[in-house]
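Have a look at the sequence and the structure below. The text that follows goes from strands to cores.

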Amino acid sequence: MTKREEFRKNGYVIIKNSFEKKEIEDLRSLCFEEFKKLNQIDDSNEINLEIQRQIFTKSFLQNPNLLNPLFKKSIIDEVKKVLGDDYISFADFQLNNNFHSPIWHTDSQSIGFSTKYLYHQSFNIAKIGFYLQENDNTYGGQLDIIPGSHLPTFLGVSSPIKLKSRYGKVSHLQLLALKIRNIFLKKISINVAPGDLVLFHGLLWHRSSQPDWSKVKQIDRYGIKNPPLNKTKFMFQWEVSENNEFASYYATHQLRRNHKKFNEAAEIKLENLHESTKAIFKTHNVNFKTYLDLKIPIHNKLKSKDGTPIIFNN
């Protein structure tokens, strides 16, 4: 089975041995420093009670120490085996600190689950997850997934009954079949070694591997109170896609969300990146795009190349 076939069947592949132990240690030190700066005491000496646990795209693109390690040639070569030699690296990056969400979700949930084109075999929007620690029975630290949950059921997504209200959408019966199927699919923890990465489909259901909440105290929404330094969870995540028409549909949808995170990412220009980042992109032939680069006009009769109606939910 090829990496692409494995990705299509299971919804994820593991990219092995991408970082050495010393590189992980250096990145963990950098993460501690970045979140310390992000949550420092202000000039009034008042403590910021709203602790920020996430760093987003704008900060990445202004800091080559955060961004550049994610574009090692060994990583790029493995992603190419799944998404093609000209795959897109979107300007969408995230770093989480001590974040242990128990909520099962997909990373394309903002588009919804009812639009038919999401289940097209060429809809290959994906995320790369990079976990800087081993999973721990007490402190968690990695990812739980439901393999195969990105695929339609045996009912498919093309309804034999044509309803105007369901134009371009999956039928209610097919959506119910998806929901029931996912309940019975096996849930697993991907306990990859530090230095390994997980490339997973945007429709794959997943959540953070859970701590033993009977042994730790919870703070904020999903944080652990005072975890040991070596157990503190850091997770890098960034977005990639097969270079095809569906990347443009996805980018257009993201820009319609009117969210600060996506608006900031859309404003990024390649010429404004750090020289070291531009050099890496040029050397490794990185196809780097913002959502704005791929935005397309929207009209009521927009269809994919095979005739599938494209519906943009508000």
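**Strands and cores**

In this predicted model, three strands form an open sheet with antiparallel pairing, in the order β6-β5-β8. The edge strands, β6 (188-190) and β8 (206-208), each pair on one side only. On average, neighbouring strands of this sheet are turned by 30° against each other, direction ignored. Between β5 (residues 143-145) and β8 there are three bridges, in the antiparallel sense. Ile145 has His206 as its bridge partner in β8.

Now turn to strand β7, which covers residues 197-201. Strand β1 (residues 12-15) runs antiparallel to β7 and is joined to it by four bridges. Here Val13 has Leu199 as its bridge partner in β7. Strand β4 (residues 125-131) also pairs with β7 in the antiparallel sense, over five bridges. In this pairing, the bridge partner of Lys127 in β7 is Phe200.

Are the residues of β7 buried or exposed? Five of its five residues are buried. Leu197, Leu199 and His201 point one way from the strand, while Val198 and Phe200 point the other way.

Leu199 also belongs to the largest nonpolar core, which has 40 residues. Leu199 is among those with the most contacts inside this core, together with Phe60, Phe93, Phe130, Phe236 and Trp238. Apart from this core lies another, of 23 residues, including Leu118, Tyr119, Leu203 and Ile310.

Which residues does Trp238 touch, leaving aside its neighbours within four places in sequence? Trp238 is in contact with Leu70, Ile75, Asp92, Phe93, Ala126, Lys127, Ile128, Phe130 and Leu197.

Conventions
Residues numbered from 1 in each chain as written. Predicted model: local features only at pLDDT ≥ 70, side-chain atom pairs only at ≥ 80, totals over all residues. Heavy atoms only, no water. Core = buried A, V, L, I, M, F, W, Y, C linked by side-chain atoms within 4.5 Å. Buried < 20%, exposed > 50% of the residue type's maximum accessible area, 1.4 Å probe, protein only. Contact = heavy atoms within 4.5 Å. Helix = DSSP H or I, 4+ residues; strand = E, 2+ residues; numbered from the N terminus. Pairing = 2+ DSSP bridges. Axes fitted to C-alpha atoms, helices over the stretch in contact; angles between N-to-C directions.
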